[in-house]
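Biologist: Could we go through this model together, please? I would like to begin with the conventions and then turn to the details.

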Amino acid sequence: MKQEIIKSPISTILVWLVAVLVTGTFAWILGDIIFHGVGGISWEFLTTAPEDAGRSGGIGPILVSTGLILAVAMGVSVPLGVGTAILLAEFTSATNWFGRFVRRSLDILAGVPSIVFGLFGNAFFAKTLGLGFSILSGGLTLACMVLPILIRSAEEGLRGVPDELRLGAAALGLSRTTTLFHLLLPAAIPGLLVGLVLGIGRAIAETAALVFTSGYVARMPQSLLDSGRSLSIHIFDLSMNISGGDTNAYGSALVLVILLLMINATAAWLAHQSSSKYNDSYQFR
Amino acid sequence: MTVTNLDNSKARTQQPALMRTEQLSLSYGKKIAFEDVSIAINQSKITALVGPSGCGKSSFLSCLNRLTDLIDNCRVTGRIFLEKWDVMNRNIDTIALRRRVGHIFQKPNPFPLDLWKNIAFPLKEHGVKNRQEIDSIVERVLKDVGLWDEVKDRLKDSALALSGGQQQRLCIARALALEPEVLLMDEPCSALDPISSGVVEDLIASLRQKYALLVVTHNLAQAKRIADYVGVFWVRDNRGKLIEFGEAKQVFESPQHDLTAAYISGHRG
Amino acid sequence: MTWLEDKISSPSKLNKSSQFDWDWVLVWVLRIMAAITGAIVLLIVIFLILESLPFLLVKGIGPFFTDPTWNPTEGLYNFTPMLWGTLLATMGSVVVATPLGIISALFCQYYAPVAMGNLYRRLIELLAGIPSVVYGFWGLVVLVPLINRLHPPGASLLAGIIILTIMILPTIALVADASFGKVPQEYLLGATSLGLSKWGTICNVVFPAAKSGLFTGVILTVGRAIGETMAVLMVCGNVVETPSSIFDPIRTLTANIALEMAYALGNHRSALFVSGLALMAIIVLLAVAAEVITVTSSPVTKNS
Ligand SMILES: Nc1ncnc2c1ncn2[C@@H]1O[C@H](COP(=O)(O)OP(=O)(O)OP(=O)(O)O)[C@@H](O)[C@H]1O
Ligand SMILES: [Mg+2]
């Protein structure tokens, strides 16, 4: 092994060095968070309310708010996204102006910075629609944000369904509605789920879009119109505005990272499922 | 050398044709797949279409039940009649049309559902709701295709677990359940092993009494064995044409066209 | 395969007038949904403009460049320091992250053993999903004190560049990896059979073939770096001042919005929306640039 390294050209050594550097940096970051965070996590931490501006106590209400924001975001974006994906994948030809318009807007939407989503959410949901700083405002803002991810995966899921199924169904005189709900959507479910999971991952990681839509209030929310502090905002607030908040910030950061690891693993597993599903029975064209 | 005119189809039919096409042409974008095809399909007869690969046989079949509606950038001109019904009319009920004109594909394409549902689900969609009625239809069509004894104990298993030949027969059963009048079959045996192929061929022959069958095949021997009428497609100028159409006996024994003669004697194609 | 509109016949209208036409309902419901989706970008632009107008109509864009400084309570609205902050942080991080990201992708594709390459790719994917607030937090508690020891105050342009580099590296690595994956295997075999070394093959065959993908990746990354808010906000010090060294604190446009939106009113709020509108314009321009690169470099073959 050593000999090989000595013999290999500079470029090879460089490439390996970069890989080691990158891996090392990320190990450092994750290691630091795990090392400092793991002591803080306990059942009590996860369930009790923050005290003393978050320096002590737990993150119970914050997890609830985060869950509610996610529920609103996914509850709105999933139907909208799946519907749009169906239209784009099944009912629109590549040259159709409407389809092209929607695709183009989605491409742009995918690149819009989260702080701009925050501005928009503040102006539209909080101010114009009068929802104020609330879980609903924050959730709706995130819904707009995750739509491109959802739609892309859902479209891929639908395109993965072999055309034989569509032709076979049409040849039996099945209507498009029936074909869609009984054959195409069930076959596309793994793809749809990948989108859902990736969307949740994006939404749960978001901070900037929530700062002035769902707000900072760390109390247990009583309704969707209450302001609710998400986990990411909690980390931000503890580390930036509260001196002595680092211990709990580490704990919250670790919780967030663990949630994301679980989400990623689920997405990878689902993607694997969906790619192997049809290979056995139908060949792709 | 001119392509023979095919008006003999009118002379030979005593009964009015169940389905017929007039000057049917189809193009994908700028590419013309086939041109000027006029044939008639009769009740209780097997009509075979033969010809080299890429001459538009599959495309021709998908015009007859308007599956072409699903294909991007494809344009069909000419006329198609099912009895007196103008199939090409934009406003016809395609669902009813496809119920009357069944289609079997080259590659078996059962739904990823269980066996029973593969047959029952389209039936339900066409308004057969009574469970007993469905069960009896499922049993009848599976017996018709000779699959009943093989699968009657595993109707709840996934259809994708069947062998290729069984899948193809299931697809035929699924089509028969809707009681079509015309059955279009696109090389129904070509994806199957010789034994399954033989079974499906016997099945096709046995369906003759009840249906009008239009069968595409690459297998001339098969066409000879089962067909009452034969149409020969050929590619000229990069587009498909029907160069010969007539009674099987006549086409095979005294073909009118040189290319047909060469094709059936194995010199070309 | 699609059901094309002009070919959709509505059977039940003619023959089964008693039965409700679900297909028709379905298509229209889907169209409405897609219209809502497509309208979001327009809505965003419209609201940014509406909220920006009060300022723009009264003062125009002059004050953003000619006022002595940014001090909204005194009615001073100079964006220049923040523009510099965003520009320097973005450029710095893109310049560092691009080679690192591309080399990471090379590692996955050509240098690492297959299993290790896949593992490394998984790692990068994971890192792409880590929230910016977590990176920012790490930067704040680990990186900033380190830089502080080197050269106070610590919260600085340098910290911002490092954090942004770490955050955008996964994006560029994944895009580069995907475009390397699309380079036909025959090219590589051909080059190897000509006796080119691995690095020679990469420079002469892989890079040219993957060029447009790499460019698109870099553009995407630029957008990501410009738009990044929280992590930068947490490590850059946020002093409104054009930096004169890499150890000086900076404030970016995005951090400025996040810091001040909570209490901004009137012209101040409107000015913040103007900066949001500017960000949006940059993103649209980048999207157009990416599109142009993709279209011009890969001739679109229409299926005949
Ligand atoms: N969806 C499509 N888009 C464009 N061209 C097509 C499409 N389907 C078929 N074609 C072309 O139309 C021509 C006829 O194809 P078709 O499948 O009908 O031939 P075929 O006679 O059934 O051939 P085979 O015996 O190989 O099945 C071919 O040249 C084919 O490439
Ligand atoms: Mg064919």
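Predicted model: local features only at pLDDT ≥ 70, side-chain atom pairs only at ≥ 80, totals over all residues.

Biologist: How many helices and strands does chain A have?

Modeller: Chain A has 12 helices and 2 strands. Helices (H or I, at least four residues) and strands (E, at least two) are DSSP runs, numbered from the N terminus. Along the sequence, the pattern of chain A is α-α-α-β-β-α-α-α-α-α-α-α-α-α. Its C-alpha atoms fill a box of roughly 70 × 70 × 35 Å along the principal axes.

Biologist: At what angle do α5(A) and α2(C) cross?

Modeller: The axes of α5(A), residues 97–111, and α2(C), residues 22–59, cross at roughly 45 degrees and come within 9 Å. Axes are lines fitted to C-alpha atoms, for helices over the stretch in contact, and angles run from 0 to 180 degrees between N-to-C directions. The two helices α5(A) and α2(C) are therefore oblique to each other; angles under 35 degrees count as roughly parallel, over 145 as roughly antiparallel, 65 to 115 as roughly perpendicular and the rest as oblique.

Biologist: Which residues make that contact?

Modeller: On α5(A), they include F98(A), F101(A) and L109(A), and on α2(C), R31(C), G38(C) and I44(C) are among them. Contact means heavy atoms within 4.5 Å. By class, the contact of α5(A) with α2(C) has 12 nonpolar, 3 polar and 1 charged residues. Here Ala, Val, Leu, Ile, Met, Phe, Trp, Tyr, Cys and Pro count as nonpolar, Asp, Glu, Lys and Arg as charged, and the others, Gly among them, as polar.

Biologist: And how does α6(A) cross α2(C)?

Modeller: The axes of α6(A), residues 114–128, and α2(C) come within 9 Å and cross at roughly 80 degrees. That makes α6(A) roughly perpendicular to α2(C). Among the contact residues are F117(A), F120(A) and K127(A) of α6(A), together with F47(C) and E51(C) of α2(C). The residues of this contact divide into 10 nonpolar, 1 polar and 2 charged.

Biologist: What about α5(A) and α12(C)?

Modeller: α5(A) and α12(C), residues 266–297, pack at about 125 degrees with their axes 9 Å apart, and they are therefore oblique to each other. The contact includes R104(A) and I108(A) of α5(A), and M280(C) and E291(C) of α12(C).

Biologist: Changing topic, which residues come nearest to ligand 1?

Modeller: Of the 13 residues around ligand 1, S53(B), G54(B), K57(B), S58(B) and S59(B) come nearest, where a residue counts as near if one of its heavy atoms lies within 4 Å. A polar side-chain atom of Y28(B) lies 3.4 Å from a nitrogen atom of ligand 1. Backbone N or O atoms also approach oxygen atoms of ligand 1, at 3.0 Å for G56(B) and 2.8 Å for K57(B).

Biologist: Which peptide bond is cis?

Modeller: The bond from P152(C) to P153(C) is cis, with omega near 5 degrees. P153(C) is in the loop between α6 (132–150) and α7 (157–181) of chain C.

Biologist: What is the phi of R66(B)?

Modeller: R66(B) has a positive phi of about 60 degrees, although it is not a glycine. Most residues other than glycine have a negative phi. R66(B) lies in the loop between α2 (57–64) and β5 (74–82) of chain B.

Definitions and conventions:
Residues numbered from 1 in each chain as written. Chains lettered and ligands numbered in written order. Heavy atoms only, no water. Polar contact = N/O pair within 3.5 Å; in protein donor to acceptor, adjacent residues only side chain to side chain.
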